Amino acid sequence: MGTRHEEKCTAVLIDLGLSLAKPEIEKELRIFSPKAEVPVMYAAPEIYSGFDSEWDLAQCADIYSLGCMLFELFDKRTFYQALIETNGNGYWETANNIRVGEEEFGGDLKKRLDLYHDLLSDFAPSIIIPRISEESILPLYIRKNIQEIIDKLCAFDYRKRTKESELDCIKTKLRHIAHILEDEHLRELYKKRKKTHRTREVSHA
């Protein structure tokens with residue numbers, strides 16, 4: 001949602017913190033609370049693959065949702081819309097192929113995860129993470145940097161997704177990018193440094 005104060009509009013994100021609750025607290029929450037419904041456009045693949053109630057995977061799913069929102073800051077489309085445009089029917093075909101129901105193997109989590117990991121290894125490479133539109137007003141070199149971050153945040157295979165320990169580094173990168181975008185002189189300086197760096201890479205190849 002957004003708030004307006006003194007002619008300035010501020011975006012506000014609300015996090016109820018349930019995904020950060022300790023496992024024992026989470027179990028109690030499940031007893032007294034109805035099952036949470038995650039909007040499909042922000043739901044990580046593992047959420048609708050039969051693992052929506054697993055603690056360890058829930059944190060990875062939050063990382064995915066973060067990537068979706070980051071994409072939408074720089075593109076007119078929702079991440080989900082762009083995902084379907086990029087992959088077509090293949091996206092949901094893949095999602096259905098990797099689904100491991102809670103009832104399989106008698107509910108044995110280890111066996112279910114082993115099968116899920118095998119299916120991910122087979123099918124995940126076919127999913128293409130959508131690109132930020134070329135119509136974006138972002139300079140190309142900035143767009144590429146942001147795209148690299150989104151690719152990691154939204155990896156279809158949760159095992160290849162950005163880890164929680166890497167978020168501070170991403171936060172620093174985004175602050176740096178925001179600072180460059182605010183300053184025209186820094187934009188030109190950063191562009192020249194990137195060009196010099198690429199020239200050196202080519203000369204050393």
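These questions and answers test a few labels against their cut-offs in a predicted model.

Q: Why is Thr94 called buried?
A: Its relative accessible area is 6%. Buried means under 20%. Thr94 is therefore buried. Thr94 lies in helix 4, residues 90-97.

Q: What makes Phe123 a contact of Thr94?
A: Contact means heavy atoms within 4.5 Å. Thr94 touches Phe123, along with Ser126, Ile127 and Phe156, not counting residues up to four places away in sequence.

Q: How do you know that Lys110 and Asp114 form a salt bridge?
A: The N to O distance between their side chains is 3.1 Å. The cut-off is 4 Å, so the pair qualifies. Both residues lie in helix 5 (residues 109-123), 4 residues apart, about one turn of the helix.

Q: Why is Lys110 called exposed?
A: Lys110 has 58% relative accessibility.

Q: Why is Asp114 called partly exposed?
A: Asp114 has 35% relative accessibility. That value falls between the 20% and 50% limits, so Asp114 is partly exposed.

Q: What makes Arg159 and Asp157 a salt bridge?
A: Their closest N and O atoms are 2.8 Å apart. The limit is 4 Å, so the pair counts. Arg159 is partly exposed at 33% relative accessibility, whereas Asp157 is buried at 5%.

Q: Which residues do salt bridges with shared partners join into one network?
A: Asp75, Arg77 and Glu85. In the Arg77 and Asp75 salt bridge, the closest N and O atoms are 2.9 Å apart. Both Arg77 and Asp75 are buried.

Terms used
Residues numbered from 1 in each chain as written. Predicted model: local features only at pLDDT ≥ 70, side-chain atom pairs only at ≥ 80, totals over all residues. Heavy atoms only, no water. Helix = DSSP H or I, 4+ residues; strand = E, 2+ residues; numbered from the N terminus. Buried < 20%, exposed > 50% of the residue type's maximum accessible area, 1.4 Å probe, protein only.
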